[in-house]
Amino acid sequence: MVIFLCKVCGHIEFQAPPETCPACGADRSNFKQNDNIFEESMEKSKEGAVKHIPSVQVVHKCGLIPEESCTDILVRIGETLHPMEEKHFIQFIDCYVDDKYVSRIQLTPDTWASVVFHIKNPGKVVSIVEQCNLHGHWIAQAEM
Ligand SMILES: [Fe+2]
């Protein structure tokens with residue numbers, strides 16, 4: 001996996017760095033390549049994997065938008081619910097369809113680390129990336 005990290009906001013792009021960060025607007029010079037970012041998080045806190053790896057569910061019939069074609073991506077962090085406290089929380093959850101970034105949901109300690117993405121055009125694979133303020137980046141993928 002070829003991975004570029006935005007040093008400003010933690011957003012990840014696959015394959016190539018963008019002209020500007022689609023999440024925070026920082027320019028290309030702020031992107032640094034780190035293909036091992038997910039392995040590094042895993043190495044640093046192996047026992048934390050169960051709290052950080054996103055649980056991803058794909059639902060093909062959307063209850064909220066029945067009048068249009070909509071694929072729901074239900075996400076919770078993680079199998080054991082990650083804490084959401086001032087000193088330790090999930091900062092954002094980013095969603096990608098076939099490696100193309102489509103959405104970010106920013107979180108605060110006043111929310112649970114659980115979100116839904118409503119996708120207009122499904123692809124083959126959805127990737128969910130989350131950033132914990134203490135334990136870094138984690139990813140999970142599911143077939144759409
Ligand atoms: Fe954490």
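Me: Which residues lie nearest the centre of the largest pocket?

Reply: Ser-41, Lys-44, His-135, Gly-136 and His-137 do, out of 13 lining residues. This is a predicted model, where local features need pLDDT of at least 70 and side-chain atom pairs 80 or more, while totals for chains, interfaces and linings use all residues. Residues are numbered from 1 along each chain as its sequence is written, and side-chain values use heavy atoms, without hydrogens or water.

Me: What makes a residue part of the lining of a pocket?

Reply: A lining residue has an atom within 4 Å of a pocket point; the pocket itself is an open set of points on a 1 Å grid over the protein atoms alone, where a 1.4 Å probe fits, with protein on both sides within 12 Å along at least five of seven lines. Helix H1 (37-44) and strand S10 (136-143) each give two or more residues to this lining, with H1 supplying the largest share, four residues. Both elements are DSSP runs numbered from the N terminus (helices: H or I, at least four residues; strands: E, at least two).

Me: Which protein atoms are called donors of the iron ion?

Reply: They are His-52 (NE2), His-82 (NE2), His-88 (NE2), Cys-132 (SG) and His-135 (ND1), lying 2.1 to 2.4 Å from the iron ion. A donor is an N, O or S atom within 2.8 Å of the metal (3.2 Å for Na, K and Ca), so these distances qualify; water is not among the atoms, so the site may look incomplete. Along the chain, the donors follow the spacing H-x29-H-x5-H-x43-C-x2-H. His-52 lies in helix H2 (residues 49-52) and His-88 in the loop between strands S5 (71-77) and S6 (90-97), so the pair ties together parts 36 residues apart in sequence.

Me: Why does His-52 count as buried?

Reply: Buried means under 20% relative accessible area, exposed over 50% and partly exposed in between (1.4 Å probe, protein chains only). His-52 has 1%, so it counts as buried. His-88, with 11%, is buried too.

Me: Is Asn-36 buried, exposed or partly exposed, and why?

Reply: Asn-36 has a relative accessible area of 43%, so it is partly exposed. This residue is found in the loop between strand S3 (31-33) and H1.

Me: What makes the pair Asp-94 and Arg-104 a polar contact?

Reply: Their side chains come to 2.8 Å. The limit is 3.5 Å between N or O atoms; within protein, one must be able to donate a hydrogen and the other to accept it, and residues adjacent in sequence count only if both atoms are side-chain atoms. So the 2.8 Å pair falls inside the limit. Asp-94 lies in strand S6 and, at 0% relative accessibility, is buried.
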